[in-house]
Amino acid sequence: MVLLGPEREWTLTELAARVGASVATAQREVTRAEQVGVVTSRRLGNARLVKAAASPLTGPLTELLLRSFGPRQVIEEEIAGVEGVVGAYLYGSWAARYSGESGRAPHDIDVLVIGRPDRDALDEAAQRAESRLAREVNIVIRSEDWWRSGEDGFHSQVLARPLVPVMAERKSA
């Protein structure tokens, strides 16, 4: 969580709540991570704020976490059971960073869903993903026809930049 959002500072209380641990456990683990140079912390009043360290270790660790437990995997898990989803892709800045483009860390995650899903079920899945990722998840739904032959500016923009498949496309019912 800390490495996947390197620009954000977390309190020990926030970290403990996110992983379901005690503050004492979070403090112990943060101290260990700080000793090996993965995170840094600072005091602000009574709070200890933690963020990813600028270290040769954080790049490879972040890459491993991003590919193993990042937005692609979380969003796939959350939308897998939503009926009517034919395919899904990350696009925008998360997809660009995932594909190796340099730039600032994204503040939100853009997801293109292909098909005719139940919007309420998809919104619930997005909310669960937001909670797990601590990032806003923006879902755009488009039809299979639009995906195959769309001619609008959004279609051109999406296809001109990196796309990261979240779910393999499947046949619609």
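First, a term: two strands pair if DSSP finds at least two bridges between them. Helices (H or I, at least four residues) and strands (E, at least two) are DSSP runs, numbered from the N terminus. What you see is a predicted model, where local features need pLDDT of at least 70 and side-chain atom pairs count only at pLDDT 80 or more, while totals for chains, interfaces and linings use all residues. Residues are numbered from 1 along each chain as its sequence is written, and side-chain values use heavy atoms, with hydrogens and water left out.

Start with β4. Three bridges join β4 to β7, and the two run antiparallel. β4 also runs antiparallel to β5, through six bridges. Ala 88 shows both pairings: Val 113 stands opposite in β5, and Met 167 is the bridge partner in β7. How many of the residues of β4 are buried? Seven of its seven, where buried means under 20% relative accessible area with a 1.4 Å probe, protein chains only.

Next, the cores. By nonpolar core I mean a set of buried Ala, Val, Leu, Ile, Met, Phe, Trp, Tyr and Cys residues joined through side-chain atoms within 4.5 Å. The largest has 23 residues, and Ile 75, Ile 79, Leu 90, Ile 109 and Val 137 touch the most other members. Elements that each supply at least two residues of this core include α4 (71–79), β4 (85–91), β5 (108–115) and β7 (164–167). The element giving the most is α6, with five residues. A second, separate core has eleven residues, among them Val 2, Leu 12, Val 38 and Val 50. As background, nonpolar side chains in soluble globular proteins tend to be buried together.

Take Ile 75 as an example, with contact meaning heavy atoms within 4.5 Å. Beyond its neighbours within four places in sequence, Ile 75 is in contact with Leu 90, Ile 109, Val 111, Ala 129, Leu 133, Val 137 and Val 166.

Now the whole chain. There are eight helices and seven strands, and the C-alpha atoms fill a box of roughly 55 × 30 × 25 Å along the principal axes. Of the 173 residues, 39% are buried. Among contacts between residues at least 6 apart in sequence, 66% join residues at least 24 apart.

That leaves the surface. By the Shrake-Rupley method with a 1.4 Å probe, the accessible surface comes to about 9700 Å², of which 51% belongs to carbon and sulfur atoms.

Terms used: Buried < 20%, exposed > 50% of the residue type's maximum accessible area, 1.4 Å probe, protein only.
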